[in-house]
Amino acid sequence: MIRKLIPVLLVATLSACANTGAPRSSSSSAASSSASSPATSDSSSGASYGSPSTQAGARKTCDAAPLQSQIGQKATQSVLEDLRTRSGAATARILRPGQLVTMEYNDTRLNLIVDDKDVMTAIRCG
């Protein structure tokens, strides 16, 4: 009896996993659009790290190009905040050598990469 149920349960589990992210056809398109919209809002507000979240239509993007002249300067909290506002980023962080960081791309975040003496070696968005 159990040998007969294993393939059935396996197929049911695999089909349930395959259907979780796939867009649905005509009759259930309303359900799939409502199911996919929370993921979009979670990704836009979930990575704000304590800063005020922005609405999905009014998201700020980061531009690190004008800040490249600051490479070689010491990174402090006041410098971090100044560069964040100048770049238009919603959030900012300092990345130190050997520090564990999340690797998801966030176009509203400024990253200051520093050496062991807190001197900026790179300024990037993401």
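Helices (H or I, at least four residues) and strands (E, at least two) are DSSP runs, numbered from the N terminus. The model on display is predicted: local features need pLDDT of at least 70 and side-chain atom pairs count only at pLDDT 80 or more, while totals for chains, interfaces and linings use all residues. Residues are numbered from 1 along each chain as its sequence is written, and side-chain values use heavy atoms, with hydrogens and water left out.

**The whole chain.** Display the protein chain as a cartoon. Three helices and three strands are present, in the order α-α-α-β-β-β from the N terminus. Of the 126 residues, 25% are buried (under 20% relative accessible area with a 1.4 Å probe, protein chains only; exposed means over 50%, partly exposed in between).

**The sheet.** Select next the three strands, which form an open sheet in the order β1-β2-β3 with mixed pairing; two strands pair if DSSP finds at least two bridges between them. At the edges lie β1 (91–95) and β3 (120–125), each pairing on one side only. Neighbouring strands are turned by 15° against each other on average, direction ignored. Axes here are lines fitted to C-alpha atoms, for helices over the stretch in contact, and angles run from 0 to 180 degrees between N-to-C directions. Then focus on β2 (residues 109–114), which pairs with β3 in the antiparallel sense over five bridges. Within this pair, L110 stands opposite C125 in β3.

**Helix α3.** Select residues 77–87. This helix, α3, lies across β1, β2 and β3 and runs at about 135° to β1. Which residues of α3 are buried? They are L80, L83, R84 and S87. Because they cover an arc of only 105° around the axis, they are on the same side of α3; the arc is that of the directions from the helix axis to the C-beta atoms. These buried residues pack against β1, β2 and β3, contact meaning heavy atoms within 4.5 Å.

**The core.** Show side chains for L83, I94, L110, L112, M120 and I123. These have the most contacts inside the largest nonpolar core, which has 13 residues. Such a core is a set of buried Ala, Val, Leu, Ile, Met, Phe, Trp, Tyr and Cys residues joined through side-chain atoms within 4.5 Å. Two or more residues come from each of α3, β2 and β3, and β2 gives the largest share, three residues.
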